[in-house]
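I opened the model to look up cores, domains, helix packing and the chain contact. My entries follow in the order of the look-ups.

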Amino acid sequence: MHYIKPVLLTVFLLAMLALLAFGPRGTGGLPKEVQAGVDQGKITVVTYWEKWTGKEGEQMGEIVKDFNATVGKEKGIFIKYLSISEIDKKTLIATAAGVPPDIAGVWDTQVSQFSALNALEPLDDIAAEYGIKPGYYKGVYWKGCTYEGTLYALISTPATVALHYNKRLFNEVGLDPDKPPRTIRELDDYAAKLDVVQRDARGNITRIDRTGYLPLEPGWFIQHTGYWFGGSLYDEKSHQMTMTSPPMVAAFEWIRSYTERLGPKSVMDFKSGIGNNFDSPQNPFLTGTVAMVQQGTWMANYIEKLKPSMNRWNVPGTQAEQNAAREDLLRRLNERATQLAAVKVERAAAGTTDARRAELAAKEEELRREAWVLRKQFRDMCEWAAAPFPSVGKPESPYEPAIDTPTHAGFDVLTIPRGCKNKRQAFEFIAYVNRQEVMEKLCSLHCKNSPLTKVSEEFLLTHPNAYIEVFDKMAESKNAFGIPPIPIWTEVSDEVGILAANTYQMIGPPPREALAIAEKRLQRKVDRFFDRQAIRDREEAAAAAKGK
Amino acid sequence: MATTTTKTAPAGMTERAKEWQQVGRGLAFLSPWLLGFCLLTLLPVGLSFYYSLCDYPPLKKPVFVGLDNYRQLLWEQDVTGSRGDPIFWKSVYVTFKYAVLALPGGLFVSLGLAMLLNVRVPGQAVYRTIIFIPTLVPTIASAMLWMWLFNAKLGLINTLLARIGLEGPGWLTSPTWLVPALAIMTIWGVGNTVIIYLAGLQDVPKELYEAAEIDGAGVWRRLWHVTLPMLTPVIFFNLIMGIIGTLQVFDAPMIMTNGNGGTDRAGYFYTLYLYDNAFRYEKMGYASAMAWILLLIILALTGLAFWSSKKWVHYQGK
């Protein structure tokens, strides 16, 4: 009987091995027909990691679904879409481990950082094959997708930053809502008029109940303030930090001026009170506690989600009636836009006679006029408005802008991590997203402007952001700027952000001195990065030569 | 009838061979753990030491730079003339400030609570449960809860302070109050330590109390001369665990300060800077050096605690 145990053990082990070798397989989340195609070698599965979760993630999922059902089906590509958090870190770790996704949807801040680390596939040649060349994008976006002249990313959705202001509050204090501030000086004047403060017997501000503007509310672009003053953080040609240039110092002194005027304690108490409530009905812009904020294209979405009444301003009736009025307006607007598109198509068609063309031209003009009137009505329903963020004024005339339409242009990108298995198939999807109609659909869903040079009238007419033209025009501006191409941007951004926050709260030395210290520290870090990069490149070159 | 059989070594096997056979069997049984330990702990620890001597962005080959990371962290001259990385020193300061507040605070509060919960009163189990419940709340949930409690304008704490005529600070925005606020939050979750103290209290021999009572000792004298000395091994254990825990605190400040340490980096803990260097700035070598320095600091403090324990920790029967 002593052999029973070994026999049982052997049988058990063999059964396990058989199960491993021939047992049922999971499909890895793939539909059965796709798995069958993969098994037959007819379908390539492209893994796509995207940072968006929630509604934005679902909306990108719709685009993926469209691709899989059309181009993907035709070309034998299936996009396996995964919405994951902390994508930057996970992509980097997966790339380092040699198992990257085929597509990684990261932020603009990663383009320089990942490119400098050699973590991304260059895309110039393959993009050119699909007709995606510099002129395809608005200049600022194309530049942001490149690092040291090489294309490493293409855009999924972009944005620009504008001044958002409350028209109702403007009316209340006697400001014209159709004349937003154009210069920093004007912004300061408006802000002072909109402030509601309490003072002690000596006239000192003891409490802020409402503020016209505060540089750190929400302060998401505080690192970039210098650009609105004509300065920049970094000179990419010489790899030098330029934080002590006069415009940068002026920008930081301006940040500090708000606290000097309102008092550090009142400002801090106010900030503490409003907390960190962007995605909440307590958002101070929505509650009317802050009258003007620097925000991006996406703000319209948040207003509709968190305080829809701000999009039904001056509409009479109950809430249900207001909703119905807005829906009716949007329906008519969409109808006109669709008719307009159809007329354009017919007019451009080869078989259309000249007489019919003339008739269609007249109809097109009429539809266009009607549509833009409706669009204006849509805009008038908004309690808020957006305008280019004011820039510094001319030295001789501070109320005349010295810089024409400056803005910060940020964006989300699609990249192909180095070492991925299916570069060409991955790019097929990226190119699909960059088709005008697909890009406009995605940007409309995400409430963003289009990065493309060509923008359809229908996109502008039906966009959920009533001020989309403002954002689109800003993106076209020659003074639109993106993230500086600093390979250690995250570190620089953190340092400059803290410096700006300290300046605002009057902590530490005055701006000029603080900027000088920060500039030297950051320059040392940038130099060290390039020095070590050079050592590494030399070692790699030597190893390659040895290998040959 | 049950029989037991023991395998005997083959005849002619020497004693040494038998020993080796036993060692081999022992190692074979230990091998899953040993393998896991070597591959998943020992190797990364060793590699992290090597990387601490390298410039190592995760996607590039590590370049050996000797002690340069340590030099930058500890003694390289900064542009202001001070020594070392100013953010590193700030993070050390913040972490120690927190440890100085949270560690003794936690030890005293939990000891006090344990003594109260040790008193036989109706509903004792309910009180114990109430004290223990906070430890079951995930850090993220408790951090969100405390962020509301600490809200300067709408928070419960400042509302209560206002009721008694005190103006509460901006707990999470003031550089002065951020670390104390985090320490208060930590002390709220001392349930585990309380349970350990409770176990220790119940282990104190009753005879000692009886003897002390016969000798005329009052409540305070019994506490000072019986309870506390008998609890010193437990206090010592909690102290060691506290040193290790407070110096490695990460999740609460990460959530409550958005990971950037808040105003003037007043809540920028050592681990936050380490994390940023490793996973946001891609400076894995620098982060590894920080990790080794933290290990040395914890080792030194633990060693100090062990050294001092000879003077104040009393074990039963010794």
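**Entry: cores.** Which residues have the most contacts inside the largest nonpolar core? I note first that the model is predicted. The largest nonpolar core has 142 residues, and A:C145, A:L154 and A:F429 are those with the most contacts inside it. I took A:F429 and listed what it touches beyond four places in sequence: A:V46, A:Y48, A:F67, A:I79 and A:I103. I also found a second, separate core, with 42 residues, including B:L149, B:Y268, B:L272 and B:A289.

**Entry: chain A overall.** I read off 22 helices and 14 strands for chain A. The C-alpha trace of chain A spans about 100 × 70 × 55 Å along its principal axes. Chain A has 548 residues, and 44% of them count as buried. I then looked at contacts in chain A with a separation of 6 or more; 72% of these come from residues 24 or more positions apart.

**Entry: domains of chain A.** How is chain A divided? I noted domain 1 (35–160 + 409–481), domain 2 (161–310 + 485–531) and domain 3 (319–380). Between them, 18 residues of domain 1 of chain A are in contact with 13 residues of domain 2 of chain A. On the domain 1 side of this contact, the elements giving two or more residues are α6 (109–116), β6 (153–166) and α20 (468–476) of chain A. Of these, α6(A) gives the most, with four residues. By class, I get 10 nonpolar, seven polar and one charged residues on that side of domain 1 of chain A.

**Entry: domains of chain B.** I found two domains listed for chain B, domain 1 (38–72) and domain 2 (88–283). The centres of domain 1 and domain 2 of chain B, taken over C-alpha atoms, are separated by 34 Å.

Entry: I looked up helix α21 (residues 489–504) and helix α22 (residues 511–547) of chain A; their axes come within 11 Å and cross at roughly 170 degrees. An angle over 145 degrees counts as roughly antiparallel, so α21(A) is roughly antiparallel to α22(A). From α21(A), I listed A:E491, A:V492, A:E495, A:V496, A:L499 and A:T503, which meet A:P511, A:A514, A:A518, A:L522 and A:K525 in α22(A). I sorted the contact of α21(A) with α22(A) by class and got seven nonpolar, one polar and three charged residues.

**Entry: α11 against α21.** How do the axes of helix α11 (residues 246–262) of chain A and α21(A) cross? They come within 7 Å and cross at roughly 40 degrees. The pair α11(A) and α21(A) is therefore oblique. I have A:F252, A:I255, A:R256 and A:T259 of α11(A) making the contact with A:A500, A:T503 and A:Y504 of α21(A). The residues of the contact of α11(A) with α21(A) divide into four nonpolar, two polar and one charged.

**Entry: chain A against chain B.** How many residues does the contact take from each chain? I noted 30 residues from chain A and 23 residues from chain B. On the side of chain A that touches chain B, α5 (87–96), α12 (264–274), α21 and α22 of chain A give two or more residues. The most come from α22(A), with seven residues. By class, I have 12 nonpolar, eight polar and 10 charged residues on that side of chain A.

Notes
Residues are numbered from 1 along each chain as its sequence is written. Chains are lettered from A and ligands numbered from 1 in the order in which they are written. This is a predicted model: local features need pLDDT of at least 70, side-chain atom pairs count only at pLDDT 80 or more; totals for chains, interfaces and linings use all residues. Axes are lines fitted to C-alpha atoms, for helices over the stretch in contact, and angles run from 0 to 180 degrees between N-to-C directions. Angles under 35 degrees count as roughly parallel, over 145 as roughly antiparallel, 65 to 115 as roughly perpendicular and the rest as oblique. Two residues are in contact if their C-beta atoms, placed from the backbone, lie within 7 Å. Ala, Val, Leu, Ile, Met, Phe, Trp, Tyr, Cys and Pro count as nonpolar, Asp, Glu, Lys and Arg as charged, and the others, Gly among them, as polar. A nonpolar core is a set of buried Ala, Val, Leu, Ile, Met, Phe, Trp, Tyr and Cys residues joined through C-beta atoms within 7 Å. A residue is buried if 20 or more other C-beta atoms lie within 10 Å of its own, exposed if 12 or fewer, and partly exposed in between; C-beta atoms are placed from the backbone. Domain bounds come from an automatic or database domain assignment.
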